[in-house]
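Below are my notes on what I looked up, in the order I went.

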Amino acid sequence: MIGGSMQRAMSEAYQKTLAQEIADILGEKQPLARKQIETIVGRFGDDGALQLLQETLAIEANGGMLTNNGTRRRTVGGVFFHLALQQTEPLQRTQIRQNYVRKVMLQSGELKPSVPRRFRWQQN
């Protein structure tokens with residue numbers, strides 16, 4: 001039992017480190033995007049996440065990917081997220097999307113709720 005939980009903790013630590021490295025490679029600096037990458041690494045596993053990264057970098061090397069309406073190129077991180085969503089079951093997609101990740105981060109205290117500028121003077 002203890003060995004299994006220790007192995008799980010080491011695996012989670014490795015996945016978090018891998019997610020941080022992937023986020024650095026993709027140029028993602030926002031905490032929400034970095035948390036999304038952690039979620040993707042958790043869902044796809046180490047090998048699956050690295051395969052997604054390789055696909056993303058290959059697409060970028062070949063000219064990138066356009067957005068759905070075709071008006072502009074996706075960012076490198078956008079390509080990664082798009083590929084991850086394409087390869088995920090429809091019911092599991094919501095757990096990768098930003099709104100769900102934002103809600104989880106707000107509940108855990110990792111992210112502070114945003115306050116519209118017009119109400120900030122009332123907080124003091």
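**Ground rules.** Before anything else I need to say what counts as a helix: helices (H or I, at least four residues) and strands (E, at least two) are DSSP runs, numbered from the N terminus. I'm working with a predicted model, where local features need pLDDT of at least 70, side-chain atom pairs count only at pLDDT 80 or more, and totals for chains, interfaces and linings use all residues. Residues are numbered from 1 along each chain as its sequence is written, and side-chain values use heavy atoms, with hydrogens and water left out.

**Overall layout.** I looked up the secondary structure and got four helices and zero strands. Going along the sequence, the pattern reads α-α-α-α.

Next I checked burial, where buried means under 20% relative accessible area, exposed over 50%, and partly exposed in between (1.4 Å probe, protein chains only). The protein has 124 residues, and 29% of them count as buried. The accessible surface comes to about 8,800 Å², with 51% of it belonging to carbon and sulfur atoms. That area is from the Shrake-Rupley method with a 1.4 Å probe; for residues, only the protein chains shown count as cover.

Then contacts, meaning heavy atoms within 4.5 Å. Among contacts with a separation of 6 or more, 53% come from residues 24 or more positions apart.

**Helix 2.** How far apart are the end C-alpha atoms of helix 2? I found 26 Å for this 31-residue helix (residues 31-61), short of the 45 Å that a straight helix would reach at 1.5 Å a residue. The expected span is 1.5 Å times one less than the number of residues.

Where is the kink in helix 2 centred? It is on Gly45, and the kink is about 115°. For the record, the bend at a residue is the angle between axes fitted to the seven residues ending there and the seven starting there. I also noted Gly63, which follows helix 2 and has a positive phi, near 110°.

**Salt bridges.** I searched the whole structure for these and found three. My cut-off is a side-chain nitrogen of Lys or Arg within 4 Å of a carboxyl oxygen of Asp or Glu.

- One joins the side chains of Arg34 and Asp24, at 3.1 Å from N to O. This pair links distant parts of the chain, with Arg34 in helix 2 and Asp24 in helix 1 (residues 2-26), 10 residues apart. Arg34 is partly exposed at 23% relative accessible area, while Asp24 counts as exposed at 52%.
- Another pairs Lys35 with Glu38, whose closest N and O atoms are 3.8 Å apart. The two are separated by about one helical turn because they sit three residues apart in helix 2. Lys35 counts as buried at 17%, and Glu38 is partly exposed at 25%.
- Glu60 and Arg73 form one too, with their closest N and O atoms 2.6 Å apart. Here Glu60 is in helix 2 and Arg73 is in the loop between helix 2 and helix 3, 13 residues apart, so I noted it as a link between distant parts of the chain. Arg73 counts as partly exposed at 43%.

**Thr17.** I found Thr17 in helix 1, partly exposed with a relative accessible area of 38%.

**Ile59.** Back in helix 2, I looked at Ile59. Is Ile59 buried or partly exposed? It counts as partly exposed, at 23% relative accessibility. Not counting residues up to four places away in sequence, Ile59 touches Gly64, Met65, Val79 and Leu83. Its C-alpha atom is 9.0 Å from that of Val76, 17 residues apart along the chain.

**Helix 3 and His82.** Helix 3 is mostly covered, with nine of its 11 residues buried. Among the buried ones I listed Val79, Phe80, Phe81, His82 and Leu83.

I then picked out His82, which lies in helix 3 (residues 76-86) and counts as buried at 19% relative accessibility. Leaving aside neighbours within four places in sequence, His82 is in contact with Met65, Asn68 and Arg74. The side chains of His82 and Arg74 also make a polar contact, at 3.3 Å. By that I mean a pair of N or O atoms within 3.5 Å; within protein, one must be able to donate a hydrogen and the other to accept it, and residues adjacent in sequence count only if both atoms are side-chain atoms.
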